[in-house]
Amino acid sequence: MSKFSGLGGRLYRGETSIDFIGRRRRWYSISAFFILLSIAALVWQGLHLGIEFKGGSSFTVTKQNASIADARAAVATVGVPGEIIVQNIGTDKVRVQTAALDTVQNNAVQDALAAKFSVSVESIDTQIVGPSWGKEITRKAVYGLLGFLICVMLYLAMAFEPKMAVAAIVAVVHDVFITVGIYALVGFDVTPATVIGFLTILGYSLYDTVVVFDKIRENTRTITSSSKSTYSQATNLAVNQTIVRSFNTSVIALLPVGSILFVGAGLLGAGTLKDLSLALFIGLAVGTYSSVFIAPPVLAQLREREPAMIALAKRVNGRSATPTVFAAVAPITAKIENRGPRNQPKRKGRK
Amino acid sequence: MSTTNKAVKTANRPSRSLAILGLVLVALAGIAFVQGATSVRLGLDLRGGTSVTLQPRVAPGESGKVTNEAIDQAVSIIRQRVNSLGVAESEVAAQGSGTNRQIVISVPGDTGRRVVELVGQTAELRFRQVLASAAATGTADPTATPTAGVSADVNAKFAALDCTKLVNLQGTGTDAPTDTIAVCDRAGTTKYILAPAEVLGRQISKASAGIDTQGGNAWYVSLTFNGEGTTAFGALTTRVTTLVEPLNQVAIVLDGLVVSSPRITEPIPSGNAQITGSFTQLEAQDLANVLKYGALPLAFDRGEIQQISPTLGADQLDAGLIAGGLGLILVFLYSLLYYRGLGLVTVGSLLVATSLVLVLFLLLGEWIGFTLTLAGIAGAIVAIGVTADSFIIYFERIRDEIREGKSPRTAVETGWLRARHTILIADFVSIIAAALLYFFAVGGVRGFAFTLGLTTLVDLIVVFTFTKPLVTILARLNFFASGHRFSGLSAKSTGTLLVTKEA
């Protein structure tokens, strides 16, 4: 652990530096690969939507050693249309899922299951979703997503700078694609709880990106007057300086989410907790990746196109014959030369 | 560096803000105790019950747009029906925004099927002539004189009808327009025998409440019928106006319950009628809304029905609590391992945040009827991460400052100035996410968004009034100031060793 803490110090001073910005092609290719895979999975396999989205009924009977065959037999006597999915949840539950039924059919299924397993009708946990309801939920989820992206973009543009907002949104869209792709590929059930988890992840991913960007902004505030490092180099240093925090944050965020997943899947078998935490777990991993590997390089690329930054890059590169080596060394020089004035008390008034 | 000045400033502030936070916490807990809010109100998914989400739509065969008023009216119609079940803490509320709102009905306990059957039907408005009326006594009155021209069946029903019983105030819209019926009024104070319907709600084209400024500022309701309605209402009023009380009354019946039964004082062939009486503004507007709703009855599509047995509810509650506890402990362990002494600050801050959230849950349950659902618990657990991250940002900043050669005591102050900014922006993004989720979503998602937003706010409060002052105080202790091995600020943990040697 303390070895890792020491690493934090070396990363901070730039002694150990991972080239996040320079190797952006590599990160972009990795992401492009996964995004293409996601699109392919979406097209060929599609999402496995829960009954909340397509309409249907779900009946869960709690009874020790309830068998799938019994449940099937009970439902068969009612003769409901469409596909019927019957599965065991844990050792003491059996769940029957059907297509959208009317009230009479729903009651008939409940009665049949209650009779077969000799339990009371009231003890059967039932969820019935009307066919048009799913569209409503989906529409709301899409509205929520769009509204969220627009609001956050405006806010980031105001709090930081417009190009940072663009880069952050690129990272979020990247997260959306890959997470949805994983769901399509693996065939996890998508329920409203998944959507909640998913929207939360967007918040989280942005939150992560915001912290990195805040450091980038700090490092690049006086960059044009000093001519010591290019925008990309300063950005790379910022990412290296915040990577320990990014790592710690992800671990700390994953611990409670992991415990929901563990308890939700382990104790309850299925339901809100499991769906929610699974989405969080996957999204969190993707979100952390994008806030380090995608958002900063995109930002650097956008900013490097500005005339002032091009001029700066020329000045900086003019001072060194071998810019690639310089990238690793420059931050140190910047720090050492800075250390004198930075220790002066007048700095306190800067904020 | 003006050390003396600084020392004086920081000497007062941190302990003061800790004391204020402590007082606020104790005061809130005191209020909760005084108000009797000793347990968090649990949602149906945690204690069992039935929830039905209805999507109001224009009834089949009608055209027009769903209006806000119509939805409000629909909510009150359904509330009337649900209250007839007599289950304590039943709730009927509209959720969402604009005319796309849903009606969410939550009834605790195991009344599942009855609730579902109760709330599904379209509620219609009809005008019926009053044939007989009587005060609804607490006991049935079998000796009442039978009304002439009405079947013995209906007479017997009328005689036995007890409008003080909730079950008779349920509505359900099962009254066929062609039947003679025995019904109660909405308030349960009067019972009626009513003739078959002669004018239908959908024959109303306009209704509004107004105030007669000349006639002593009395409130009235005016309504206009369409072509068909004008003819029918004209015929009805012409026939009944000369009859004796109560035959000259026309009852306005919504969902099988009498809303109002005005006396007809003259024939109204023009299709423009006015209902006057000793209305308050509210009563007049209510009646106008009932009439407007009648013009465009809504059908209720069942969106989602969820029936959760108390056993599953208890299981879900346990699972949520276990997950929360486990998550908290894991975060504690990790912080202590990585941040050593500073990790204790994280543990303390999370404990303060947890108790603050708990007290707020109690109070909000009392004040705005906040109920904790499973999704809400999940939101709170997820927020542990957000909260802990604020501390990480701050601690990493402190270490950054130390790496730049500052003493721990100075570093906690300068680090804070920078971390504060980041924490504010990052938390604000979280709050935007929570607010949008809350406004766009229905049901469980809202519960999740609410707790996520609330806990993020609590995080801000705790970071500013607890964590920072505590760190300031701790930085004065020799243990931290000297960078002790276990303080989390040692040269080894920050990796400052090399630099200090060089310098």
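How many bridges join β7(B) to strand β8 (residues 218–225) of chain B? Eight, and the two strands run antiparallel. The model is predicted. This briefing covers the contact between chains A and B, a three-stranded sheet and a hairpin in chain B, and the domains and helix packing of chain A.

**The sheet of chain B**

- Three strands of chain B make an open sheet in the order β7-β8-β11, with antiparallel pairing.
- β7 (204–212) and β11 (272–279) of chain B are the edge strands; each has a single partner strand, so one side of each lacks a neighbour in the sheet.
- From one strand to the next, the twist averages 20°.
- Asp212(B) has Ala218(B) of β8(B) as its bridge partner.
- Across β7, β8 and β11 of chain B lies helix α7 (residues 281–295) of chain B. This helix runs at about 170° to β7(B).

**The hairpin of chain B**

- Strand β9 (residues 250–254) of chain B pairs with strand β10 (residues 257–260) of chain B. The sense is antiparallel, over three bridges.
- Opposite Val253(B) stands Val258(B) of β10(B).
- Two residues lie between β9(B) and β10(B) in this hairpin. In the turn, Asp255(B) has a positive phi of about 55°.

**Where chain A meets chain B**

- Chain B gives 71 residues to the contact, and chain A gives 70 residues.
- On the side of chain B that touches chain A, these elements each supply at least two residues: α4 (112–119), β12 (298–308), α8 (310–339), α10 (374–403), α11 (408–440), α12 (444–476) and α14 (491–494).
- That side of chain B has 36 nonpolar, 21 polar and 14 charged residues.
- Strand pairing also links the chains: four bridges join strand β5 (residues 125–129) of chain A to β12(B). These two strands run antiparallel.
- Val129(A) has Glu304(B) in β12(B) as its bridge partner.

**Domains of chain A**

- Chain A is assigned domain 1 (14–49 + 134–307) and domain 2 (56–129).
- The centres of domain 1 and domain 2 of chain A, taken over C-alpha atoms, are 40 Å apart.

**Helix α12(A) and helix α8(A)**

- Helix α8 (residues 192–220) of chain A packs on helix α12 (residues 295–304) of chain A at an angle of about 40°. Their axes are 10 Å apart.
- Which makes α8(A) oblique to α12(A).
- The crossing of α8(A) past α12(A) is right-handed.
- From α8(A), the contact uses Thr209(A), Val212(A) and Ile216(A). From α12(A), it uses Ala295(A), Pro296(A) and Leu299(A).
- By class, this contact of α8(A) with α12(A) has five nonpolar, one polar and no charged residues.

**Helix α12(A) and helix α7(A)**

- Helix α7 (residues 162–186) of chain A also packs on α12(A), at an angle of about 145°. The axes of α7(A) and α12(A) lie 8 Å apart.
- α7(A) and α12(A) make a right-handed crossing.
- α7(A) brings Lys163(A), Met164(A), Val166(A), Ala167(A), Ala168(A), Val170(A) and Ala171(A) to the contact. α12(A) brings Ala295(A), Val298(A), Leu299(A), Leu302(A) and Arg303(A).
- The contact of α7(A) with α12(A) has 10 nonpolar, no polar and two charged residues.
- Ala295(A) and Leu299(A) of α12(A) take part in the contact with α8(A) and in the contact with α7(A).

Key
Residues are numbered from 1 along each chain as its sequence is written. Chains are lettered from A and ligands numbered from 1 in the order in which they are written. This is a predicted model: local features need pLDDT of at least 70, side-chain atom pairs count only at pLDDT 80 or more; totals for chains, interfaces and linings use all residues. Two residues are in contact if their C-beta atoms, placed from the backbone, lie within 7 Å. Ala, Val, Leu, Ile, Met, Phe, Trp, Tyr, Cys and Pro count as nonpolar, Asp, Glu, Lys and Arg as charged, and the others, Gly among them, as polar. Two strands pair if DSSP finds at least two bridges between them. Domain bounds come from an automatic or database domain assignment. Axes are lines fitted to C-alpha atoms, for helices over the stretch in contact, and angles run from 0 to 180 degrees between N-to-C directions. Angles under 35 degrees count as roughly parallel, over 145 as roughly antiparallel, 65 to 115 as roughly perpendicular and the rest as oblique. A crossing is left-handed if the near helix is turned anticlockwise from the far one by less than a right angle, and right-handed if clockwise.
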